[in-house]
Amino acid sequence: MAKRNKVHEESTPILTDIINSTASWPSLTVWRKSPLLCCTGFQAINSDGNLVFRVDNYSGHPHHLLLMDGSGNPLITLCRPKGLRGLIERWRMYEGELVGDRWGRKPIWCVRKHLKMLNPYCGDALAYIYMDKKKRCAYKIEGSYTHRCCRVLDHESGTLVAEIKIKESFPLGVSFGFEVFRLIVRPGFDHGFAMAIVVLLDQMFA
């Protein structure tokens, strides 16, 4: 499950470049397609060719999604409650599968989409992730999901914890397009949490 321990590092320019180098980080190949033919969703495959995460959206319901491991075990429920469907798009992440006890459980993460028309001076920010409803920001997502070029940063230290990149074939360097891309995750950072972020970005910006 998603770890709440934030990564704190020194922020000198040279050290920051070393800290944020993703060359040796583990990566997943994400396919914007469910393993099942009868629904939409996602699948994520590790370097050994094993399916490690999946999302199967049978009903096409855009406001309630379940992230599972490769065997179909529930990991994180992604939910956009009706009361949060205002001008600023907000989502909640719950541990495991959320069925009928939504209001009796506390979310493990809250995510808010950045609305540039309300705050145009935040550069290329896409969304913010909070540890609770008290607006304690833990992570910032910046870049462009449309072009599959995103970075998830520790909000306090600016340390890179995950990155989305276009996947290219080796050695020709030919892109697979936007339906297949890479999710690169800092060692020690929760891969399931990172994959849940990908699913939410797709709901917000696809």
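**Exercise 1.** Locate Asp 202 in the fold, and state whether Asp 202 is buried or exposed.

*Solution.* Step 1: Asp 202 belongs to helix α2, which spans residues 191–205. Helices (H or I, at least four residues) and strands (E, at least two) are DSSP runs, numbered from the N terminus. The model is predicted: local features need pLDDT of at least 70, side-chain atom pairs count only at pLDDT 80 or more, and totals for chains, interfaces and linings use all residues. Residues are numbered from 1 along each chain as its sequence is written, and side-chain values use heavy atoms, with hydrogens and water left out.

Step 1: The relative accessible area of Asp 202 is 8%, so Asp 202 is buried. Buried means under 20% relative accessible area, exposed over 50%, and partly exposed in between (1.4 Å probe, protein chains only).

Step 2: Leaving aside residues up to four places away in sequence, Asp 202 is in contact with Arg 32, Phe 42, Tyr 145 and Arg 148. Contact means heavy atoms within 4.5 Å.

**Exercise 2.** Find the salt-bridge partner of Asp 202 and state which parts of the chain the pair ties together.

*Solution.* Step 1: A salt bridge is a side-chain nitrogen of Lys or Arg within 4 Å of a carboxyl oxygen of Asp or Glu. The side chain of Asp 202 forms one with that of Arg 32, at 2.6 Å, N to O.

Step 1: Arg 32 sits in the loop between β1 (27–31) and β2 (40–45) and Asp 202 in helix α2, so the bridge ties together parts that are 170 residues apart in sequence.

Step 2: Arg 32 counts as partly exposed because its relative accessibility is 28%.

Step 3: A network of salt bridges links Arg 32, Glu 179 and Asp 202.

**Exercise 3.** How many salt bridges does the structure hold, and what is the burial of Arg 54, Asp 56, Glu 89 and Arg 80?

*Solution.* Step 1: The structure holds seven salt bridges.

Step 1: One of them joins the side chains of Arg 54 and Asp 56 at 2.8 Å, N to O; both residues are buried.

Step 2: Glu 89 and Arg 80 meet at 4.0 Å, N to O. Glu 89 is buried at a relative accessible area of 12%, and Arg 80 is buried with a value of 12%.

**Exercise 4.** In which sense does β2 pair with β1 and with β3?

*Solution.* Step 1: Two strands pair if DSSP finds at least two bridges between them. β1 and β2 pair in the antiparallel sense over three bridges, with Trp 31 opposite Gln 43.

Step 1: β2 and β3 (residues 51–57) are also antiparallel, over six bridges; Thr 40 faces Asn 57.
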